[in-house]
Amino acid sequence: MDTTQQPLAARDLPYDVFAKVCPSRGTLEHVTGRWGGLTLGALYEGSLRFNELRRRVDGVSEKMLSQTLQALERDGLVHREAQPTNPPRVDYELTPLGHEVAERLLDLIHFVEGRMDDVLAARERYDVTRGAR
C-alpha cells in the first residue's frame, strides 16, 4: 500500500497538523481559511495584480486580501513581484508549491460546487426538522 492510502496515523511524516504546536497547522489555516483558498484558486488561473485579484475574489476587503497574500507569500505559496514603475506595479502568482496546493483545492472546490444540490437539500431537511421543534 502506498503512503497516500495509509491511515494518517500510520504515515511516517515529520509533521502532524493535529498537534497544537505543529507549524503545518498554521499553513493549513492559511490555505483553507475563507480568503486563502479563494486567493489560491484565483491565482491558479495566472498572475494577477492586486486589484484584479480583489475583483476576482468577490467580497474580500483590501486589508484581508493584503494579509492573506502576505501569509501565503511567507508560506512559499505565492510570489510577489514589484515592478519599479510609477505608479508601482505589483503582480502576484503561484509558486510551484502554491500551484500544487491550488490544484488540490480546486478539486475540492469543484466537488463542492457539483454537489451543492445535495447540500441545499440537506440544509432544507435540517431547517425543517429543527424548525418543527
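This is a predicted model: local features need pLDDT of at least 70, side-chain atom pairs count only at pLDDT 80 or more; totals for chains, interfaces and linings use all residues.
User: Is T95 buried or exposed?
Analyst: T95 sits in the loop between β3 (89-94) and α5 (96-114). Buried means under 20% relative accessible area. T95 has a relative accessible area of 17%, so T95 is buried.

User: Which backbone oxygen lies 2.6 Å from a polar atom of the T95 side chain?
Analyst: Leaving aside neighbours within four places in sequence, T95 is in contact with G76, L77, V78 and H79. The T95 side chain also has a polar atom 3.0 Å from a backbone nitrogen, that of G98. The backbone oxygen at 2.6 Å belongs to G76.

User: How many residues apart are R56 and E45, whose side chains meet in a salt bridge?
Analyst: The N to O distance in this salt bridge is 2.8 Å. R56 is in helix α3 (residues 50-56), while E45 is in the loop between α2 (34-44) and β1 (48-49). The pair links distant parts of the chain, and its residues are 11 apart.

User: What separates R104 and E100 along helix α5?
Analyst: The side chains of R104 and E100 meet in a salt bridge, 2.9 Å from N to O. R104 is exposed at 55% relative accessibility, and E100 is partly exposed at 42%. Because R104 and E100 are four residues apart in helix α5, the separation is about one helical turn.

User: How many salt bridges does a search of the whole structure find?
Analyst: Side chains of opposite charge can pair when their charged atoms come close. The number found in the whole structure is five.

Notes:
Residues are numbered from 1 along each chain as its sequence is written. Side-chain values use heavy atoms; hydrogens and water are left out. Helices (H or I, at least four residues) and strands (E, at least two) are DSSP runs, numbered from the N terminus. Buried means under 20% relative accessible area, exposed over 50%, partly exposed in between (1.4 Å probe, protein chains only). A polar contact is a pair of N or O atoms within 3.5 Å; within protein, one must be able to donate a hydrogen and the other to accept it, and residues adjacent in sequence count only if both atoms are side-chain atoms. Contact means heavy atoms within 4.5 Å. A salt bridge is a side-chain nitrogen of Lys or Arg within 4 Å of a carboxyl oxygen of Asp or Glu.
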